[in-house]
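I opened this notebook to record what I looked up in one structure.

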Amino acid sequence: PKVFKGYAHKLDLTSLLDAYLIPPSQNVLYANDGTVKARSGYALLGAANTALTPVRSSYDWNSSNGTELNLRQYDDELEVFSGTAWRRIVRDDDTLTTWSTTATMRFAEWWDTTEKEDILLFVEGTAAIYEWSGGIATLASATSNTITKTGTGTWAASRFLTAGTRKVLIGTTVYTYTGGESTITLTGVTPDPSAEAVDSIVVQCARRTAFTGFTLPSDFANTDTKDLIAVLDNQCWLGSTTSRYVHVSRVNNF
């Protein structure tokens, strides 16, 4: 290859060797091997979004089991990129239009000693904290009260919750399940999921915990809103952009 010698502007262009750049050279990079190459540009992650509302928040989560989960928040949507498309994440209170259209979500990773894996905590300026396990799978089949995933890995191995209230979103319907996480078939599913199409995407719902269920110090009311979050040594720190008070949890119990 011809090694790049520099950019020449004043000399007669016809007298220069072809190892020089000359005007109007642009959008090129000096490569590591000493040659010049075209600027690569960028590629969209999934299809272009035609919505007029900008992305207000994003988070790249490198989870404890080696998966990379890319999240974005815009308008009233929270989405995760999976496969070739962005998938919707909803709250577990069966509300599909779930998120604030103005707040900016903030995220922090938390080690769940019950699930034995990290989960993602986040706040959005309400009197509640949210947790998402990162569970995403593909539907193989369903009966009146079961959901079976594709592949041989269990639902738990795909990061679906195994304790507490557990819900998933398929299409536009939220389903509750009560067991089967150690297998490929969830059991105790309600309502009836049998009409869901094979190869539909199953996404774990984000669990909502209102501050009314917290043990709070006297300086906090359970109606206080939080829009800042951090985790240090598995203690969760919650704050607000309109308050000087910070709420710090016990270790291993946010």
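The entries below cover a sheet and then a cavity.

Entry 1, model. I note at the outset that this is a predicted model.

Entry 2, sheet order. I looked up how the strands are arranged and found four of them in an open sheet, ordered β5-β6-β7-β8, with antiparallel pairing. I recorded β5 (55-62) and β8 (85-88) as the edge strands, each pairing on one side only. From one strand to the next, the twist averages 30 degrees.

I then followed β5 to strand β6, residues 68-74, and found an antiparallel pairing over seven bridges. Within this pair, Asp-60 stands opposite Asn-70 in β6. I also checked the hairpin of β5 and β6: five residues lie between the strands, and Gly-66 takes a positive phi near 95 degrees.

Entry 4, β7 and β8. I turned to strand β7, residues 77-82, which pairs with β8 in the antiparallel sense over four bridges. Here I noted Glu-79 opposite Arg-88 in β8.

The volume of the largest cavity is about 40 Å³. I listed its lining as Phe-211, Phe-214, Leu-216, Phe-220, Ala-221, Asp-224, Lys-226, Leu-238 and His-247. By class, I recorded six nonpolar residues, one polar and two charged in the lining of the largest cavity. Because Asp and Lys count as charged, I assigned Asp-224 and Lys-226 to the charged class.

Conventions
Residues numbered from 1 in each chain as written. Predicted model: local features only at pLDDT ≥ 70, side-chain atom pairs only at ≥ 80, totals over all residues. Heavy atoms only, no water. Pairing = 2+ DSSP bridges. Axes fitted to C-alpha atoms, helices over the stretch in contact; angles between N-to-C directions. 1 Å grid on protein atoms, 1.4 Å probe; cavity = no way out; pocket = protein on both sides within 12 Å on 5 of 7 lines; lining within 4 Å. Points joined across faces, edges and corners; volume = space filled by probe spheres on them.
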